[in-house]
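Hi,

Here is the structure I promised to pass on.

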Amino acid sequence: MGVLGRVAWAWLVLLLLIQQLAGASHVVYDDLDEIEAAAAAAADGVPPSIVNSQLRTGYHFQPPKNWINDPNAPMYYKGWYHLFYQYNPKGAVWGNIVWAHSVSRDLVNWVALKPAIEPSIKADKYGCWSGSATMMADGTPVIMYTGVNRPDVNYQVQNVAFPRNTSDPLLREWVKPGHNPVIVPEGGINATEFRDPTTAWRGADGQWRLLVGSLAERSRGAAYVYRSRNFRTWIRVRRPLHSAPTGMWECPDFYPVMMDGRREGLDTSATIDVFGHGHHGDASNQKIKYVLKNSLDLRRYDYYTVGTYDQKAERYLPDNPAGDDHHLRYDYGNFYASKTFYDPAKRRRILWGWANESDTAADDVAKGWAGIQAIPRKVWLDPSGKQLLQWPIEEIERLRGKKPVILTDRVLKPGEHIEVSGLQTAQADVEVSFEVASMEAAERLDPAMAYDAQRLCSLRGADEKGGVGPFGLWVLASARLEEKTAVFFRVFRAPAAGGGGKPVVLMCTDPTKSSRNPNLYQPTFAGFVDTDVTNGKISLRSLIDRSVVESFGAGGKACILSRVYPSLAIGKNAHLYVFNNGKAEIRVTKLTAWEMKKPLLMN
Ligand code: DQQ
């Protein structure tokens, strides 16, 4: 044994001794090699490398190597789900972008096909950027995507592609007709900020419409409407569907949702088919609302509003006039360039979103991979009509192990935590319902923070003692809690004036202690959860996947995806706890934790 080995063993023995003295009998060191490696590195002052295969996700979608970004043209066709995505076949940083293509029967197990769209014509010679699929009336899918056609500047045009063989359910080959590009930046449009065509929808007049994201004058993000009868000739409507002073709008998405808490999804053109009104989605159609989502290039988050669509005027109007200040996000964490599609097989709308890495580009090159897709989420309108609800697609539950660990009716006194033991939790699904006995201790919400959840959370992280909360989960935690990612709630009391003293729930992910590795981006992420906690009840679900923590608060009212890279809490050494760092007692009514299996990802 070398000097390093002896130091490591001495460190480990000392550690075990301290643990025993402290009576922490829950610590199980079942992988001595890993512990020894970690201990050796710690003794040396160097955390183990981030290039650890155990940090690769187990059940999130990612190819075996290289860079990925935006999901493109998700669709269901003849019994198969299709996912295309932005992919660099040559490395782990953005560049050389093609459309990679994978297919699945169940949105969980995937088979990779060869790239579907690659630079091959003048109109996409320098890049095949994001786009969407539309099902035409005869059931044939068509793809519209952005092509970059000049090397010097990112000059952007919109192209169309059709399947070579519609009887191939795998849609392996795509043909770009010679008349591409079909939309060019004319009439004062900024050619370098003009991209990401949406799924098209058909109006009462039989014409197709789609949106292209852009940047208009005075830094306004804009979604331009283009109309066509045949996917070949497209005419722009002069005024955009909507715009706001936010900077460039990437990857717009626009779709109808049902009101009254109905969870079924709607086809993007479905209003007439569903309700037979003939109003076709105009403001008088009481059963339908519309969602407009934009990916804000400046902030790199996906914001949406709920509103009405007046097709005659070709305008969208958010219900909440403050909506354009962008309070609502699909996800308050790392989630960008998302896209929904209507799944006719299960009559639901599904959301795909990209999560980038939070390490350095040099780490990504060393790892050989970067980027994942979040677990697909079903989306529908909350019964209040004010926001969306999101929930991981039910199919993901098939990956749950047979024997969950269940805790019921456990009280967490101020400052207490309980380990959830008896299963590996590096790759797990955890559902927990909490009950707060009294809101008496809730801290007063500073009005200056009333719209700045993220700042509030960064000032009052998981280790900052509070009144009601912080309480929640420590995931990907090391046995001695040197490393942990906290996913938690904190309940405030709104100022009496204006807020009527009502409880205000903050949901937060705090990864500031998630790793001993340096140079990681570890922002706290947070959102306010518009939920009624007068009965003291609130739920949380976290999908833990080695370097991903994807959480759903209050049944999907707020979601936070975070990327973390533990150096100790890896593989079998990842622990899970429920904790309470507030003054109020918290009851864990029920906690269920499942190990998650690895799906087939034949990429
Ligand atoms: N990614 C694509 C663009 C899009 C951006 C290029 C958003 O089409 O605007 O890879 O991440």
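Predicted model: local features only at pLDDT ≥ 70, side-chain atom pairs only at ≥ 80, totals over all residues.

A polar contact here is a pair of N or O atoms within 3.5 Å. An oxygen atom of the ligand sits 3.2 Å from a polar backbone atom of Ser-130. Side chains take part as well: a polar side-chain atom of Gln-86 is 2.6 Å from a ligand oxygen atom, and for a polar side-chain atom of Asp-196 the distance to an oxygen atom of the ligand is 2.5 Å. On its own the ligand has 310 Å² of accessible area, and the protein covers 95% of that.

Which elements give two or more residues to the shell around the ligand? They are β1, β5 (128–135) and β19. The residues surrounding the ligand include Asn-69, Asp-70, Trp-129, Tyr-336, Ala-337 and Trp-354. By type, the shell splits into 5 nonpolar, 3 polar and 4 charged residues.

What does β20 pair with? Here are its partners:

- β19 (residues 336–343) is antiparallel to β20, with 6 bridges, and Lys-339 stands opposite Trp-352. The two strands form a hairpin with 4 residues between them, and Arg-347 in the turn has a positive phi of about 45°.
- β23 (residues 377–381) runs antiparallel to β20 and is joined to it by 3 bridges; Val-379 is the bridge partner of Arg-349.
- β22 (residues 372–373) pairs with β20 in the antiparallel sense over 2 bridges, with Ile-372 opposite Ala-355.

Finally, look at Asn-66, which belongs to strand β1 (residues 66–77). Is Asn-66 buried or exposed? Its relative accessible area is 7%, so Asn-66 counts as buried, the cut-off being under 20%. A polar atom of the Asn-66 side chain lies 3.1 Å from the backbone oxygen of Pro-89. Leaving aside residues up to four places away in sequence, Asn-66 touches Tyr-87, Asn-88, Pro-89, Lys-90, Gly-91 and Ala-92, and also Gly-368, Trp-369 and Ala-370.

Cheers

Methods:
Residues numbered from 1 in each chain as written. Heavy atoms only, no water. Buried < 20%, exposed > 50% of the residue type's maximum accessible area, 1.4 Å probe, protein only. Polar contact = N/O pair within 3.5 Å; in protein donor to acceptor, adjacent residues only side chain to side chain. Contact = heavy atoms within 4.5 Å. Pairing = 2+ DSSP bridges. Near = heavy atom within 4 Å. Areas by Shrake-Rupley, 256 points an atom, 1.4 Å probe, with all protein chains shown as cover. Nonpolar A, V, L, I, M, F, W, Y, C, P; charged D, E, K, R; others polar.
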